[in-house]
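Take a moment with the sequence and the model before reading on.

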Amino acid sequence: MDVLNSHITSFVKIPLPKRKGSLTSIDGSSKSLISDENSYENREFELEFVTMAKTEQERYNLEAQLFTLFDGFDYKPFRIYTDPNFTYFVKNIDNVEVDRITRLSNARIYKYKLSAAAFKYFEIDKELTFSEPFELFSYFLFDAKPYFKITGNGAVKFQINDRTFDLNIDGFIELDSAEENQDAFKTKDDGSITFVNENTTIDEFPSLSRGVNKISWDGDVSQVIVRPRWRTI
């Protein structure tokens, strides 16, 4: 944050997420019924910056830049000094509180209330390229939801450990296993996307589990690009 003449004032306390579910009382039973959604809620936390502007105009500019850090309709990637290899995805959920340090100073304190998605991602931008079967090792307890770009042609059986995915490839196919997406598609040079889910027989999109993940294929495949997107809470 040095580029904005701003610094976090104290240790950022990001709580662990709560599992989604509920307890329902059952007449005549001493044990409530558990309803489990197999997913996790967002976690909320506060983030406080102090800015050290020298002039009023500089303060207005810094304020606008800080405001846009977490503004918008979508989550923003966020890395914190205590977790430098992990990326959180956060959203501002309240008014930004503003206070001044002294009456005549252009220094200000800004306090955000943020909501973070349940998972944080390890080296989220890391991309690996292979031209022959390979292995990926995960140290994390939670399954990763990877992205694959598979270059080839014709009928291909794409395998991860004991799971097989039947694909019909015309040049290449992309598989995105992110929980909010889960699609087979092709991205054109102009950035437009064509969905090709009909070219797959996937009941459940690929995931990478803890330990060794062996990736192989039968068919005409010349290259596989993968973003593992390792994750944990």
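A residue counts as buried under 20% relative accessible area, as exposed over 50%, and as partly exposed in between. Keep in mind that this is a predicted model.

Start with S35. This serine is found in strand β3. Its relative accessible area is 37%, so S35 is partly exposed. Which residues does S35 touch, leaving aside those up to four places away in sequence? They are K20, G21 and S22. T24 is 11 residues from S35 in sequence, and the two C-alpha atoms are 7.7 Å apart in space.

Now turn to the backbone. Most residues other than glycine have a negative phi. N161 has a positive one, near 55 degrees. N161 sits in the loop between β12 (147-160) and β13 (163-176). With a relative accessibility of 36%, N161 is partly exposed.

R229 also calls for a look. Its phi is positive, about 55 degrees, although R229 is not a glycine. R229 lies in the loop between β16 (211-227) and β17 (230-232). Is R229 buried or exposed? Its relative accessible area is 14%, and the limit for buried is under 20%, so R229 is buried.

Step back to the whole chain. Its secondary structure comes to 1 helix and 17 strands. The radius of gyration is 23 Å, well over the 17 Å that the globule rule gives for 233 residues, so the chain is more spread out than a compact globule. The C-alpha trace spans about 70 × 65 × 30 Å along its principal axes. Of the 233 residues, 36% count as buried. The accessible surface is about 14,200 Å², and carbon and sulfur atoms hold 47% of that. Now the contacts with a separation of 6 or more: residues 24 or more positions apart account for 66% of them.

The elements that give two or more residues to its lining are β2 (19-24) and β3 (33-40). β3 gives the most, with 3 residues. This is the strand that holds S35. In total, 25 residues line the pocket. Nearest its centre lie F119, Y121, E179, E180 and R231. What is the make-up of the lining? It divides into 10 nonpolar, 4 polar and 11 charged residues.

Terms used: Residues numbered from 1 in each chain as written. Predicted model: local features only at pLDDT ≥ 70, side-chain atom pairs only at ≥ 80, totals over all residues. Heavy atoms only, no water. 1 Å grid on protein atoms, 1.4 Å probe; cavity = no way out; pocket = protein on both sides within 12 Å on 5 of 7 lines; lining within 4 Å. Helix = DSSP H or I, 4+ residues; strand = E, 2+ residues; numbered from the N terminus. Nonpolar A, V, L, I, M, F, W, Y, C, P; charged D, E, K, R; others polar. Rg over C-alpha atoms; globule rule 2.2 N^0.38 Å. Buried < 20%, exposed > 50% of the residue type's maximum accessible area, 1.4 Å probe, protein only. Contact = heavy atoms within 4.5 Å. Areas by Shrake-Rupley, 256 points an atom, 1.4 Å probe, with all protein chains shown as cover.
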